[in-house]
Every structure is written in structure tokens, then in C-alpha cells.
Amino acid sequence: MNVIKTKIDGVVIIEPKVFGDERGYFFESFSSARFEEEVCKTTFVQDNESKSSYGVLRGLHFQKGKYAQSKLVRVVFGKVLDVAVDIRKGSPTFGKHVAVELTDENKRQLFVPRGFAHGFVVLSEIAVFQYKCDNLYAPQEEGAIAWNDPAIGIDWKIDPSVVMLSEKDKKHPFLADSDYLFDFNENLYE
């Protein structure tokens with residue numbers, strides 16, 4: 001696997017080595033030993049999958065406190081723009097984001113560490129999206145920030161008039177108005 005650093009420390013793109021021939025292809029999508037050696041030590045405890053149509057935007061979500069999650073995300077079918085936003089107060093990259101196209105063709109994955117909000121928008125007719133989490137989902141500890149916060153300035157690569165949001169995702173505060181953020185100096189992995 002090839003690990004590509006991004007402009008935000010800890011957020012990395014992972015490109016697998018794909019073996020293909022006339023029969024199709026094969027690649028290793030995850031190896032805990034290689035991941036620990038090349039990215040970081042973590043134990044994933046939950047896998048999730050969603051199917052969404054063009055224009056569906058999910059995010060920008062995070063989990064609070066001891067329920068904070070790292071995520072390793074990928075697209076099995078289709079194309080999405082995947083985004084990680086640094087929400088660690090005091091971080092030199094606070095409020096900055098990384099946006100990466102993940103597709104079934106490029107087979108890239110994005111690692112989103114704890115202390116980041118995460119979201120994606122579907123750019124293909126349909127997308128099947130999978131992600132590993134290193135902490136269990138706790139609905140009472142959900143947090144989120146608005147997908148269209150002008151201070152963050154994400155170019156979602158889609159006309160905002162066609163964006164489809166859940167009722168919950170329509171109501172999130174801007175980053176400056178959020179009542180919960182992480183502290184850059186806090187150890188989020190204890």
C-alpha cells in the first residue's frame with residue numbers, strides 16, 4: 001500500500017496495490033500490521049456501509065469525548081468527494097479541511113483521525129460507501145457542524161441546489177457556533 005500525506009498531519013490517503021488481469025482484479029483493502037506500521041496504531045471495532053444517490057451529502061459528523069472515532073473510509077461502487085475537517089481547538093490547521101475523490105476505480109481510502117469532522121457527497125448516480133471505526137457508535141454523543149460553513153469553505157464539486165440532506169444534517173451549527181470541539185493537546189486515544 002502507498003500512504004500519501006495530506007496538508008493536515010494525520011489525515012492520509014491510502015492507495016492499495018491492485019493486481020489485475022483479464023479475469024478482474026485483487027487487492028488487500030486492509031492489513032492491521034501494515035496499517036500500524038505505516039499509518040498509526042488503532043483497532044477498528046465496527047464496519048459500516050451506506051448506499052446513496054447523486055447529491056446526497058452526509059456530514060459533517062463526529063463523536064464526542066470518550067466516544068471519539070477514527071475512520072478509514074472507501075468507496076466500493078461509484079464516486080464521492082470525501083472531506084475531513086480539523087476541529088481541534090489550538091491546532092495549527094484548525095478549521096482547515098482535506099477533500100479527496102474516492103472512487104471504485106481509484107480504490108483510494110482516506111484515514112480520518114479522532115478530532116476531525118467527516119462528511120461526503122455522492123458525485124455519481126449511486127455510491128456504496130464503507131468505513132471502519134475504531135470506537136463504537138454512541139448516538140447520545142453525536143456532534144456535527146454545518147456542511148456549508150463559509151469559514152471552512154469546502155468546494156463540494158456539486159451545485160448546492162441539488163444537495164440532499166437528512167433533516168438532522170440541515171440543522172448543524174457553523175464551526176464558530178459549535179458547543180463542542182476537541183482540544184488539540186487532548187489525548188483522544190486514551
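By class, what residues does the lining of the largest cavity have? The model is a predicted one, and in it this lining has five nonpolar, five polar and two charged residues.

## The cavity

One cavity of 30 Å³ or more is present in the structure. The volume of the largest cavity is about 60 Å³.

The residues that line the largest cavity are His 61, Phe 62, Gln 63, Ala 68, Gln 69, Lys 71, Val 112, Arg 114, Gly 115, Phe 116, His 118 and Phe 182. Strands β6 (57–63) and β12 (116–122) each supply at least two residues of this lining. The most comes from β6, with three residues.

## The largest pocket

The largest pocket holds about 530 Å³ of space. Its lining comprises 28 residues, and those nearest the pocket centre are His 61, Lys 71, Tyr 131, Tyr 137 and Glu 142. His 61 and Lys 71 also belong to the lining of the largest cavity.

At least two lining residues come from each of β5 (46–53), β6, β12, β13 (126–133) and β14 (142–144). Here too β6 gives the most, with five residues. By class, the pocket lining has 11 nonpolar, 11 polar and six charged residues.

## The second largest pocket

The second largest pocket has about 210 Å³ of volume. It is lined by 15 residues, and Asp 9, Gly 10, Arg 88, Phe 116 and Phe 184 are the closest to its centre. Phe 116 also lines the largest cavity. The lining of the second largest pocket has seven nonpolar, three polar and five charged residues.

Methods: Residues are numbered from 1 along each chain as its sequence is written. This is a predicted model: local features need pLDDT of at least 70, side-chain atom pairs count only at pLDDT 80 or more; totals for chains, interfaces and linings use all residues. Side-chain values use heavy atoms; hydrogens and water are left out. On a 1 Å grid over the protein atoms alone, a cavity is a set of points where a 1.4 Å probe fits but cannot get out, and a pocket is an open set with protein on both sides within 12 Å along at least five of seven lines; lining residues have an atom within 4 Å of a point. Grid points are joined across faces, edges and corners, and a volume is the space filled by probe spheres set on the points. Helices (H or I, at least four residues) and strands (E, at least two) are DSSP runs, numbered from the N terminus. Ala, Val, Leu, Ile, Met, Phe, Trp, Tyr, Cys and Pro count as nonpolar, Asp, Glu, Lys and Arg as charged, and the others, Gly among them, as polar.
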